[in-house]
Amino acid sequence: MEKKENFAQKAWKYAKSNPIVVMLVIVAIIVGVTKENFFSWSNFGNLMSNTAVRFLIALGVSGCLITKGTDLSAGRQVGLAACLSGILIQKGDYSGRLTSLPEMNMFVVLLCVVALGAAIGIVNGLIVTKLHVPPFIATLGTQTIVYGICLVITDAQPIGGFQKSYIDLINAKLGNTTGFHLPLLLFVALIFGAYFWFLYNKTRHGKYMYAIGGNEVAAEVSGVNTTKTLILIYTTAGIMYAVAGWILAAKTGGASTSMGMGYELEAIASCTIGGVSTTGGIGTVPGVLVGVLVFELLKIVLQFLGVNPYYNYIVQGLVIVVAVALDLRKYLAKK
């Protein structure tokens with residue numbers, strides 16, 4: 001009979017397995033104690049809003065990583081969805097309008113960008129499964145194509161003049177805006193998180209996904225329709241990027257072709273920090289949430305420390321390299 005671990009033993013085991021998470025949390029606590037307004041509702045709300053959007057993107061990427069794949073087109077898909085949403089939700093009387101279409105309802109626009117995201121995801125899935133192109137190369141190609149489409153439809157022009165109801169909805173807060181409040185996006189993220197937890201843990205699709213990540217050949221021999229499963233994974237990812245882009249455009253109050261650049265790398269890093277293995281077959285939704293939260297916390301810590309914004313990319317890049325290196329080390333240790 002196995003002896004149950006107590007809380008201290010579980011905490012120590014988690015700390016040994018996730019040193020980056022522990023280190024960044026400790027740094028955040030130190031900065032919070034030494035810097036004024038770090039522990040404030042305003043900062044907390046900002047952290048939750050940023051985390052919510054990036055969490056949706058990371059959820060999409062997580063399925064690809066669990067099956068030993070990746071999706072380098074994620075950021076550009078987010079940018080395309082944001083730009084397309086912005087164009088279609090511009091006010092009818094806005095002087096800089098980029099379309100002759102009538103003013104559209106924000107939820108109709110959401111359905112449009114979700115359909116586009118799903119189509120791009122299907123294309124990614126077909127390239128990976130039918131043409132047998134490695135996911136890294138396949139999604140690198142679609143990344144460039146999507147960026148080109150974005151440049152064409154926007155003519156590389158910044159997009160603004162959104163409907164007020166669209167901006168108000170996405171930036172809505174529950175509670176006292178000067179004191180305790182929670183951003184609406186937090187609840188949106190929790191709903192998607194709960195859905196993905198159910199999908200990964202309680203459905204046949206989730207079991208197939210982990211089986212493919214563990215050993216694709218063995219999964220196929222066992223009767224798993226690997227082609228269908230992988231196409232569904234990339235399609236789901238495309239849908240998540242579209243939703244994130246639709247939200248992001250309103251959250252920032254504008255859109256441009258540069259929006260979403262590098263988001264795929266942050267999503268991959270967040271997933272890896274949260275325990276999603278780049279070697280496949282391992283990863284949880286709560287882990288992805290922790291990874292995204294810690295990565296966004298790192299950005300805020302750097303801001304409060306007054307670090308030059310240009311150095312942020314260096315620090316984030318180092319975190320990505322270390323996270324992947326530690327993940328591979330754990331994999332080799334198990335072998």
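By class, the residues around the largest cavity in this predicted model come to 6 nonpolar, 4 polar and 2 charged. That cavity holds about 100 Å³ of space, and it belongs to a set of 4 cavities of 30 Å³ or more. If you want to find it on the screen, look for Ser 17, Asn 18, Pro 19, Ile 20 and Val 21, which are among its lining residues, and then for Thr 272, Ile 273 and Gly 275, which belong to the lining as well. The lining also takes in Ala 323, Leu 326, Asp 327 and Lys 330. In terms of secondary structure, the elements that give two or more residues here are H2, H12 and H14, and of these H14 contributes the most, with 4 residues.

Let me go on to the second largest cavity, for which the computed space is about 60 Å³. Its lining divides into 7 nonpolar and 4 polar residues, with no charged residue among them. The elements that supply two or more of these residues are H3, helix H8 (184–202), helix H9 (204–214) and H11. Leu 59, Gly 60 and Gly 63 are part of this lining, as are Phe 196, Leu 199 and Tyr 200, and the list continues with His 205, Met 209, Ile 233, Thr 236 and Ala 237.

I would like to stay with Met 209 for a moment, which sits in helix H9. Is Met 209 buried or exposed? It counts as buried, because its relative accessibility is 1%, and the cut-off for buried is under 20%. For orientation along the chain, Met 209 is 82 residues from Ile 127 in sequence, while the two C-alpha atoms are 18 Å apart in space.

Now to the largest pocket, where the space comes to about 670 Å³. The lining consists of 26 residues, and those nearest the centre of the pocket are Arg 54, Tyr 263, Glu 266, Lys 299 and Gln 316. Two or more lining residues come from each of helix H3 (41–66), helix H11 (226–252), helix H12 (263–273), helix H13 (285–304) and helix H14 (309–334). Which of these elements gives the most to the lining of the pocket? That is H14, with 6 residues, and H14 is also the element that gives the most to the lining of the largest cavity.

Lys 299 and Glu 266 meet in one of them, with N to O at 2.7 Å. This pair joins distant parts of the chain, Lys 299 being in helix H13 and Glu 266 in helix H12, 33 residues apart. Both partners are classed as buried, Lys 299 because its relative accessibility is 13% and Glu 266 because its value is 15%.

Arg 54 forms a salt bridge with Glu 296, and here the closest N and O atoms are 4.0 Å apart, a distance to read with the criterion of within 4 Å in mind. This pair, too, links distant parts of the chain, from Arg 54 in helix H3 to Glu 296 in helix H13, which lie 242 residues apart. Arg 54 is buried, since its relative accessible area is 18%, and Glu 296 is buried as well, since its relative accessibility is 5%. Taken together, Arg 54, Glu 266, Glu 296 and Lys 299 are linked in a network of salt bridges.

The salt bridge between Asp 168 and Lys 164 has its closest N and O atoms 2.6 Å apart. Both residues lie in helix H7 (residues 164–170), 4 residues apart, about one turn of the helix. Asp 168 is partly exposed because its relative accessible area is 40%, whereas Lys 164, at 60% relative accessibility, counts as exposed.

I will end on the surface, where Val 25, Ile 29, Val 33 and Phe 39 form a nonpolar patch whose accessible area comes to about 410 Å² together. Of these residues, Phe 39 is found in the loop between helix H2 (19–34) and H3. Why does Phe 39 count as exposed? The reason is its relative accessibility of 59%, given that exposed means over 50%.

Methods: Residues numbered from 1 in each chain as written. Predicted model: local features only at pLDDT ≥ 70, side-chain atom pairs only at ≥ 80, totals over all residues. Heavy atoms only, no water. 1 Å grid on protein atoms, 1.4 Å probe; cavity = no way out; pocket = protein on both sides within 12 Å on 5 of 7 lines; lining within 4 Å. Points joined across faces, edges and corners; volume = space filled by probe spheres on them. Patch = residues over 30% accessible without salt bridge, like charges linked within 9 Å, V, L, I, M, F, W, Y side chains within 5 Å. Areas by Shrake-Rupley, 256 points an atom, 1.4 Å probe, with all protein chains shown as cover. Salt bridge = Lys/Arg side-chain N within 4 Å of Asp/Glu carboxyl O. Buried < 20%, exposed > 50% of the residue type's maximum accessible area, 1.4 Å probe, protein only. Nonpolar A, V, L, I, M, F, W, Y, C, P; charged D, E, K, R; others polar.
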